Amino acid sequence: MVLQELGGQISSALRRMSDATVIDKTVIDGCIKDICTSLLQADVNVKLVGELRKNIRNAIDADEDKAGVNKRRTIERTVFKELVNMLDPGKKPFTPEKGTTSVVMFVGLQGAGKTTSVAKFALYYKRKNFKVAMVCADTFRAGAYDQLKQNATKVKVPYYGTYTESDPAKIAADGVDLFKSQKMDIIIVDTSGRHKQEAALLEEMSQVSSAINPDLSIFVMDSSIGQAAFDQAKAFSETVDVAAVIMTKLDGHAKGGGALSAVAATQSPVMFIGTGEHVDEFETFEAEAFVSRLLGLGDVKGLMGKLTDIMPEQQQEEMMAQLSEGRFPLRIMYEQFNNVLQMGPMGQVMGMLPGFGNAMMGQGREQASAANLKKYIALMDSMTTAELDNPDIALNLKLLSDPSRVKRIVKGAGRQYRDMAELATQYKAMSTMISKMGGQLKMGSARGGTNMRGQNQQLEQMGKALSAANPQVLKQIGGMSGLKQMMKALDGGDMSQLQGLMGGGGGGG
């Protein structure tokens, strides 16, 4: 993500201040100047940057006379808080509920990525077990229905559209009526776009809105327009009751920060952000978590949420029961590898870890990690049920090195012998970690009840996910104890403690 560069510049400014022997007025002025320059380069409004500068100054002045106050921490906390305030309009968007039909209308200019965002939105809620359907009411752009049909087929949701009807309001109403009769939870209506805010576009949007009476209208906006997002969001909001915004192309333009702050200024909450062309490159937007990741502080709670989404609680408990007894069948590793792939792009997952921004996993490494997991899954697909379900670690290690079994598995999977050797190395590393953790998991379950057990389950899942994605990552964080420390720091909201875990320096006050 190009915004990672902005986060890196702000983090560098804070780190330079932390490295100073004495934090005096010159050091503070330099830090504030660097942060403001970074924001202006990201096309953030001058007025918003001026307010941030003033609020940092006020916070420092307020603590000036207090004994024992650490200026470095004051500045770090204030920068974090002000960036969150800049991106948070203070309003939460409408949230669909299962069992109740919600009609969602997508609006926006042509070329903003509206139809692709419809598919991403559908996939996001489908993965949460909502019954989702798509309606194409775009009669202006040639090929719009074909694109929506392809996208709907890709994400495996039902769709409605027609080549013969030219009235978008009628198409939208017919599609919504059809899927309401099928008791769909979410019906997404894709509308026409234009190259600019024309009266015809705004009138058509108004007609479609009147025909379907949407529960939620989402404005899809191209982040590359920067500060111009303010005027665009305002114009659409005046025509249709825009309750949320989806910001696209945040992976490819430096003006994303300006666009996000401009939209927040219109009091329209950003619901999702698009971070790539693929249907799974789509993230919920939460200002505090976004700023935390932007500054390299990660979003461990968000990562745990992803883990919980893809692995039901009952399955977690069954897995933990086996691991706490020191049993580690290959099927658990097989399921974990599949879970990691379901979590989305590897770079996105890595960006949720403190100190591991998207910049640390380039496109090449991200693709290589995903390819490795698929390779290991193919090998385990070639194993028998008995081989996958055997819980004995020592026996599994023998199985993975037995020449006749290796030959059969490699041949069945269409892989190389070295791939099987890599899988054996992965299993050995993960089983060693589980053997070490087994006693602690037992004690935690006995002492801490449900909450402690749940936290241990999630930490264990996260540890295995990291080890699978990139064996060096867990080591760089400091192992399982490092993950626990990060969780404590996040629960306490202590930015400086997180920077310490990441290797940040300290400075005198």
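## Helices H2 and H3

Let's start with a helix pair: H2 passes H3 in a right-handed crossing. Please keep in mind that this is a predicted model. Helix H2 spans residues 25–41 and helix H3 spans residues 46–63, and they pack with their axes 10 Å apart at an angle of about 155°. Because angles over 145 degrees count as roughly antiparallel, H2 is roughly antiparallel to H3.

Which residues of H2 meet H3? On the H2 side they are Ile28, Asp29, Ile32, Ile35, Cys36, Leu39 and Leu40. Their partners in H3 are Val46, Val49, Leu52, Arg53, Ile56, Arg57 and Ile60. By residue class, this contact of H2 with H3 holds eleven nonpolar and three charged residues, with no polar ones.

## Helices H7 and H8

Next comes the pair formed by helix H7 (residues 168–181) and helix H8 (residues 199–212), whose axes come within 8 Å and cross at roughly 30°. An angle under 35 degrees counts as roughly parallel, so H7 is roughly parallel to H8. The crossing of H7 and H8 is right-handed, as is that of H2 and H3.

From H7, the contact draws on Pro168, Ala169, Ala172, Ala173 and Val176. H8 contributes Glu204, Gln207, Val208, Ala211 and Ile212. Sorted by class, the residues where H7 meets H8 are eight nonpolar, one polar and one charged.

What does Ile10 touch, leaving aside residues up to four places away in sequence? Its contacts are Ile35, Ser38, Leu39, Val79, Leu83 and Leu295.

## A closer look at Ala264

Ala264 sits in helix H10, which covers residues 256–265. Is Ala264 buried or exposed? Ala264 has a relative accessible area of 6%, and because buried means under 20%, this residue counts as buried.

Not counting residues up to four places away in sequence, Ala264 touches Met86, Leu87, Asp88 and Pro89. Ala229 lies 35 residues away from Ala264 along the chain, and their C-alpha atoms are separated by 9.8 Å.

Conventions
Residues are numbered from 1 along each chain as its sequence is written. This is a predicted model: local features need pLDDT of at least 70, side-chain atom pairs count only at pLDDT 80 or more; totals for chains, interfaces and linings use all residues. Side-chain values use heavy atoms; hydrogens and water are left out. Axes are lines fitted to C-alpha atoms, for helices over the stretch in contact, and angles run from 0 to 180 degrees between N-to-C directions. Helices (H or I, at least four residues) and strands (E, at least two) are DSSP runs, numbered from the N terminus. Angles under 35 degrees count as roughly parallel, over 145 as roughly antiparallel, 65 to 115 as roughly perpendicular and the rest as oblique. A crossing is left-handed if the near helix is turned anticlockwise from the far one by less than a right angle, and right-handed if clockwise. Contact means heavy atoms within 4.5 Å. Ala, Val, Leu, Ile, Met, Phe, Trp, Tyr, Cys and Pro count as nonpolar, Asp, Glu, Lys and Arg as charged, and the others, Gly among them, as polar. Buried means under 20% relative accessible area, exposed over 50%, partly exposed in between (1.4 Å probe, protein chains only).
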